[in-house]
Amino acid sequence: MRVVLKECAWAPLGDGLVLVRDPREALTLADPDGQVAALLEELSTGPATAAELSAALSARGVAVSAADVAAGLDGLDSLGLLERPDEQTLGDPDVDARQFSNLTFFASYARRDQSRAEFVRRVRASRVLVLGAGGVGSSVVQCLAGLGVGAMTIVDRDDVEPRNFARQFLYRHRDVGRSKVARAAEWVREYDPGIEVRPVERWIIGPGDLADLVEDVDLVVGGIDSEQDAHLWVNEAVLRAGVPWVGGGMQRTQFMYFSVDPGRSPCLLCDESDRPDPGEPTSAGVAQRLSRSLRFNNALIGPIAMQLGSLIAYEALRYLSGFEPPRAAGAQVVVDLRTGLVPVWQPFPRLADCPACALAVAEVRS
Ligand SMILES: [Zn+2]
C-alpha cells in the first residue's frame, strides 16, 4: 500500500524530534539515531510503499530493515500522520471541489485503513429523516446539505409565516403562505441537485405517523413539539426501527441536544430527570410538575437556532460517517445562555425496566 504523510512540521530537539500537525498537540518522538527524521524526510517527498522507503533510506546510507520501516509506518499511522494518497479525494474534479472542505476536515481523522474519501462516501450514501422544518430543522437541513448527505426526507405541516423570519433562513419573503417542506425541498435541490429530497406534509399526532418514515433511513434528526410528550413518540418509533436519533430543543435560557442509539445507549424514556419524584411533595417537585405544563417553542432567535441546528447536524455526522463515536448518546448536552453558552454533559443511566428500550431489544432479537 502506498502511503502519504499528512501536512506536518518537525525539528530535532536533543535525542528526539518535536513534530506538529495539530497546533495544540506537539508530539515528542524519541529519535536517538535520526532514523525517524530520515523516514519523515523520505515520506515528505511523496507517496511511497514501505519497500520504496526502505530502498530510499538504504541509498541514503540509513541502515534500516524493511521491518524497521514497517514498524515506523505503524507508529506514524497510530499518531494519525499517514493516509492513503489514492483516497484523499473522490476522483471526480467537480465532486471534489464541492466536497473540498469536508475532505479537508476528514483529513484529521483519516488513517491508512480509513480514508477521507470513505468518510465522504458514507455520508453521501446516507438517508436522513428531518423532523420539522422550523427554527431547528431549517438550519439542520442546510448543514446536512453542506455535509453532502445523499437523501433527505423533510416532514412538517406548517406554512411559512412572517414570524418565522427571525430564525428560519431557508425562507424568503415570497414564500409566505407556502408549505415549508415544499420550499425546504426546493432549497435543497437548488443548492445541490445531487441530493435526493422528499417533502412530506403531515401532522404527526402519534408514533404511528412516524412508522413508515423511519423505515429505510439511517438517521432521524430534529423533533416534534406539538405536544408535551411528542418527543417520546419519536423515541418509540426510532427504537422500534433500530434507527439512531439526534434531537434537541430550547427552554427559555438554555438549549439542549441528545441522541439515542437504539440497543446501545439509554433512550429518552430512560431520562427521568424531568419527571417529578413520586415521594413527599416538595417545592422542587411541584416546580418540576409546573414546568412540564409550560410551552417553550418559538423562543429561539437566529444565532441560537443556528447553533442548535449545527450541534445536531454535527452529532448526526458522527453517526453517518463514523469519524468519531456519538458524543450525546444517552446524555442531555445542555448549553446555558446565562453562562456564555458553555455546554454541560448530563448523562443519564438506562432504566433497568425501560419499556421503550425493550422495543429495541425485541427488534434486535427478532
Ligand atoms: Zn429506555
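Mentor: What follows goes through the sheet, then the helices beside it, and then some salt bridges.

This is a predicted model. The sheet is open and has three strands, in the order β2-β3-β4, with antiparallel pairing. β2 (9–13) and β4 (26–30) are the edge strands, since each of them pairs on one side only. On average, and ignoring direction, neighbouring strands of this sheet are turned by 25° against each other.

Take the pairing of β2 with β3. These two strands run antiparallel and are joined by five bridges. β2 and β3 form a hairpin, with two residues between the strands. Gly14, in that turn, has a positive phi of about 60°.

On to the other pairing. β3 (residues 16–20) is paired with β4 over five bridges, again in the antiparallel sense. Leu19 stands opposite Leu27 in β4, and Gly16 has Ala30 in β4 as its bridge partner. β3 and β4 also form a hairpin, here with five residues between them.

Now for the helix on the sheet. Leu19 and Leu27 stand opposite each other in this sheet. Helix α1 (residues 35–43) packs on the sheet and touches β2, β3 and β4. The direction of α1 makes about 35° with that of β3.

α1 also packs against helix α3 (residues 66–78), at an angle of about 80° and with the two axes 11 Å apart. An angle from 65 to 115 degrees counts as roughly perpendicular, so α1 and α3 are roughly perpendicular to each other. On the α1 side, the residues that meet α3 are Leu39, Leu40 and Leu43. On the α3 side, they are Val69, Gly72, Leu73 and Leu76. Of the residues in this contact, six are nonpolar, one is polar and none is charged.

Asp74 forms one with Arg112, and the closest N and O atoms are 2.7 Å apart. This pair links distant parts of the chain: Asp74 is in helix α3, while Arg112 is in the loop between α5 (100–106) and α6 (116–124), 38 residues apart. Asp74 counts as partly exposed because its relative accessibility is 42%.

Arg318 forms a salt bridge with Glu315, with 2.6 Å between the closest N and O atoms. Arg318 and Glu315 are three residues apart in helix α12 (residues 302–321), so about one helical turn separates them. Arg318 counts as buried because its relative accessibility is 9%, and Glu315 is buried too, with a relative accessible area of 0%. The side chain of Arg318 also meets that of Glu324 in a salt bridge, 2.6 Å from N to O. Glu324, at 14% relative accessibility, counts as buried.

How values were computed. Residues numbered from 1 in each chain as written. Predicted model: local features only at pLDDT ≥ 70, side-chain atom pairs only at ≥ 80, totals over all residues. Heavy atoms only, no water. Pairing = 2+ DSSP bridges. Helix = DSSP H or I, 4+ residues; strand = E, 2+ residues; numbered from the N terminus. Axes fitted to C-alpha atoms, helices over the stretch in contact; angles between N-to-C directions. Contact = heavy atoms within 4.5 Å. Parallel < 35°, antiparallel > 145°, perpendicular 65-115°, else oblique. Nonpolar A, V, L, I, M, F, W, Y, C, P; charged D, E, K, R; others polar. Salt bridge = Lys/Arg side-chain N within 4 Å of Asp/Glu carboxyl O. Buried < 20%, exposed > 50% of the residue type's maximum accessible area, 1.4 Å probe, protein only.
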